[in-house]
Amino acid sequence: MKIIKYHYVRDISQSKYPNLKSLDLKKFIYQLNYLKSNFNILTPTEAKIKLIKNDIDENDCWLTFDDGYIDHIQYVHPILKENMIKASFYPTINSTLKKQLLDVNKIHLILASCTNHELILEDIKNYYKKLDINNLHTPVENILIGLNTIHRYDNPLTIKIKRLLQFALPIKIREEICNLLMSKYVVEDQKKILSNFYMSLDNLKELYDYGHEIGIHGCNHQRWGTLNFNDQFNEICKSFDYLKDNQLLKDDFSCCYPWGSYNNVTLDILKNINCTVALTSIPNLNNLNEFHIYKLPRLDTNDFPQSNLDTET
C-alpha cells in the first residue's frame, strides 16, 4: 500500500506567496489521474480495514492531507469529489479555531518571502545573540555544527534555517526570532494571514459530510516525541475531544504525527483512546506488513509523477 501525504495544494499563479513550496493545482490534477490509472485508491475506511487484516496490495493507495489548510477545501475537495475519491484530512485544532498562525507556517512564509536564505541565516544568528544577552544557551555556531542537513528535497542551507527555527534553538528564543523574521520579511499582517490560511470548523464539517475522514493531528503542531506525558496527553486528547464533540471523528479514526514525531508514550496514549492506525513522515517503499500499525510510513507527493515529463523514460 502507498500512503501519500500532501500539504499545500493551490493555484500557484494566483497565490500571494508564489515561492511557497506548494503542489500546483494542475500538477495535482495530473497526479490524481496518474494515481487513478495506476493504483487502487482506497477510502480511509477501506485502507484501515486492509491494514488491520494484513490484506494489503502494492497497488493500493491512500491519500492524506496534513495541517488543515484552506487549500484543502478550496481546491482539493472539489477535485476529489469530481473523481469520487475519499481521503483523510488532519487539521491542527488551534489553527482551525483561528487562534494562532503555526510556527511551521511562519517558517514557510519567511522562506517564501525572502529568496536570499543566506541573509535569513545571518539574521537568525544576530537575533539569537541579542536575545541570549546573558549567554545562557549554547552558541548558535555550535548548534549549527550538530545539525543534520541531509534532506530529500531541500538544500543544506534551507534545512539549517528550518531546523534552527523548528526545534534546535531554545523554544522561547526561536518563537521570538520567528516573529522578528515575519515582521521583517512578510508584508502581510499575521492576523490577516491567519484569517484565510486554514480551514474552519464548517469546512471540516463539509469534508466529513461528504465522506472524508477527519483525523487527529494535535492542537499546536508540536513535536510529540519531545513532550512529557502531560503535554502529549493534552495535545492528543484535546484534539480528540474537539473532533468528537463536533461529531467529526469516526469510530475507526486515525492519527497523523506532527513533524512525524512520536515515542512510546504517544503509542500508549493512542492505544488508550482506541486509535485505529497512526501515520509517520517516514518515507518507505517497502511492504507495509513490516511496520507497526502506529508507525505507518508515508510517501510524499513528490515521489509520484506530476507532469508528462515525470513519466518519460
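This is a chat about the packing in the structure above.

Biologist: Hi! What kind of model is this, and how are residues numbered?
Modeller: It is a predicted model, where local features need pLDDT of at least 70, side-chain atom pairs count only at pLDDT 80 or more, and totals for chains, interfaces and linings use all residues. Residues are numbered from 1 along each chain as its sequence is written, and side-chain values use heavy atoms, with hydrogens and water left out.

Biologist: Thanks! Which residues touch the most other members of the largest nonpolar core?
Modeller: Leu63 and Leu80 do, in a core of 49 residues. A nonpolar core here is a set of buried Ala, Val, Leu, Ile, Met, Phe, Trp, Tyr and Cys residues joined through side-chain atoms within 4.5 Å. Buried means under 20% relative accessible area, exposed means over 50%, and partly exposed is in between, using a 1.4 Å probe and protein chains only.

Biologist: And which elements give two or more residues to this core?
Modeller: They are strand E1 (2–6), helix H1 (25–38), strand E5 (60–67), helix H3 (71–82), helix H11 (201–210), helix H12 (229–245) and helix H13 (264–272). The largest share, five residues, comes from H12. Helices (H or I, at least four residues) and strands (E, at least two) are DSSP runs, numbered from the N terminus.

Biologist: What is Leu80 in contact with?
Modeller: Leaving aside neighbours within four places in sequence, Leu80 is in contact with Phe28, Leu32, Leu63, Phe65, Ile85, Ala87, Phe89, Tyr210 and His212. Contact means heavy atoms within 4.5 Å. Apart from this core lies another one, of 37 residues, among them Tyr8, Cys114, Val140 and Ile173.

Biologist: Let's look at H1 and H3. At what angle do they pack?
Modeller: The angle is about 30 degrees, and the axes of H1 and H3 are 11 Å apart. Axes are lines fitted to C-alpha atoms, for helices over the stretch in contact, and angles run from 0 to 180 degrees between N-to-C directions.

Biologist: What do you call that arrangement of H1 and H3?
Modeller: H1 and H3 are roughly parallel to each other. Angles under 35 degrees count as roughly parallel, over 145 as roughly antiparallel, 65 to 115 as roughly perpendicular and the rest as oblique. Leu25, Phe28, Ile29 and Leu32 in H1 meet Tyr75, Val76, Ile79 and Leu80 in H3.

Biologist: How about H12 and H13, at what angle do they cross?
Modeller: They cross at roughly 45 degrees, and their axes come within 10 Å. H12 and H13 are therefore oblique to each other. Phe229, Gln232, Phe233, Ile236 and Cys237 of H12 make the contact with Val265, Thr266, Ile269 and Leu270 of H13.

Biologist: Switching to H11, which of its residues are buried?
Modeller: Asn203, Leu204 and Leu207 are the buried ones. They cover an arc of only 100 degrees around the axis, so they are on the same side of H11. The arc is that of the directions from the helix axis to the C-beta atoms.

Biologist: Next, helix H5. How many of its residues are buried?
Modeller: Eight of its eleven residues are buried, so H5 (residues 103–113) is mostly covered. What covers them includes helix H6 (117–131), helix H8 (156–168), helix H9 (171–185) and helix H10 (190–195).

Biologist: How do H8 and H9 pack?
Modeller: H8 and H9 pack at an angle of about 130 degrees, with their axes 8 Å apart. That makes H8 oblique to H9. Leu164, Leu165, Gln166 and Phe167 of H8 make the contact with Arg174, Ile177, Cys178 and Leu181 of H9.

Biologist: Where does Leu131 lie, and what does it touch?
Modeller: Leu131 lies in helix H6 and counts as partly exposed, at 35% relative accessibility. Not counting residues up to four places away in sequence, Leu131 touches Ile173, Glu176, Ile177 and Leu180.

Biologist: Last one: where is Thr301?
Modeller: Thr301 lies in the loop between strand E10 (299–300) and helix H14 (308–311). At 9% relative accessibility, Thr301 counts as buried.
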